[in-house]
Amino acid sequence: MILLMRSLLFYFLVFLFVTIPYFLIIPLTCIFPRAFTLRINSLWCKSALFLLRFCIGLGYEIRGRENLDKLLESGRFIIASQHQSAWDAMFFPSVLKTYRAIIKKALLFIPVFGWYFYKADFIAIDRSAGIKSIKKLLTDGKKSMKEGVPIFMFPEGTRTEFGADVPYQPGIAALYKGLDVPILPVALNSGLFWKRRGIIKYPGTVIVHFLEPIQPGLSKEVFMTTLKNRINEGAATL
């Protein structure tokens, strides 16, 4: 019951003091540069993470930060992270100054939030489009690499339980071969504290581990096996 009350308090404070002001500011992103849009979203995410620690006692620890920092020097890389809860989508914008996320095209049509996704110039993909979606992914991906802006994606394609072993979407392999840049695998355990379904959040420490990058040049099959093994092995140590 205490955890439920703390979780409800978290939702109330996020809605009242973070989300409502965010809704009021988003229209301004139409007249300001993309960097302003990302900065506002980063502030929202940092505020929500602060309230999680304040209300729930849920913090986080970053491991392998040096692997991320080295790649940020050029910005030409792709982050491939596990996805277990909404917490993941709040964490990465809080630590990345600039990036392009790969999202479902349907998110562009969400009132207010869709404006943000559009102004942030994220890579919106319609999975039902088949090969056309892969071509768009590569076109937008090459643009991002040319600008030195890293790409962020969840190769599992959806939220999964901690410890679940699911196949990765083909988009990550297409980007790896088509863009010829390093892939930065990320293992995390957010699903232990913020479940896919349910209101209750649990206290503890989410561990986010930026693993050793996978350099370009591998075959598709070897790359996919290496990516899955590296993430699974990293997750096993959390």
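1. Asp-121 is partly exposed, at 26% relative accessible area (buried is under 20%, exposed over 50%, partly exposed in between, with a 1.4 Å probe and protein chains only). The model is predicted: local features need pLDDT of at least 70, side-chain atom pairs count only at pLDDT 80 or more, and totals for chains, interfaces and linings use all residues. Residues are numbered from 1 along each chain as its sequence is written, and side-chain values use heavy atoms, with hydrogens and water left out.

2. Asp-121 has a salt-bridge partner, Arg-100, with the closest N and O atoms 2.8 Å apart (a salt bridge puts a side-chain nitrogen of Lys or Arg within 4 Å of a carboxyl oxygen of Asp or Glu). Asp-121 sits in the loop between helix 5 (113-119) and strand 4 (123-125), and Arg-100 in strand 3 (residues 100-104), so the bridge ties together parts 21 residues apart in sequence. Helices (H or I, at least four residues) and strands (E, at least two) are DSSP runs, numbered from the N terminus. Arg-100 counts as buried, at 4% relative accessibility.

3. Lys-136 and Asp-140 form another salt bridge, with the closest N and O atoms 2.6 Å apart. Both lie in helix 6 (residues 131-146), 4 residues apart, which means about one helical turn between them. Lys-136 is partly exposed, at 35% relative accessibility. Elsewhere, shared partners link Arg-100, Asp-121, Lys-143 and Glu-147 into one salt-bridge network.

4. Arg-63 and Glu-61 also pair through their side chains, in a salt bridge of 3.0 Å, N to O. Arg-63 is partly exposed at 27% relative accessibility. Glu-61 is partly exposed at 33%. The structure holds 7 salt bridges.

5. Now the helix pair. Helix 1 (residues 2-25) and helix 2 (residues 34-55) have axes that come within 9 Å and cross at roughly 165°. Axes are lines fitted to C-alpha atoms, for helices over the stretch in contact, and angles run from 0 to 180 degrees between N-to-C directions. The two helices are therefore roughly antiparallel (over 145 degrees; under 35 is roughly parallel, 65 to 115 roughly perpendicular, the rest oblique). Their crossing is right-handed (the near helix is turned clockwise from the far one by less than a right angle).
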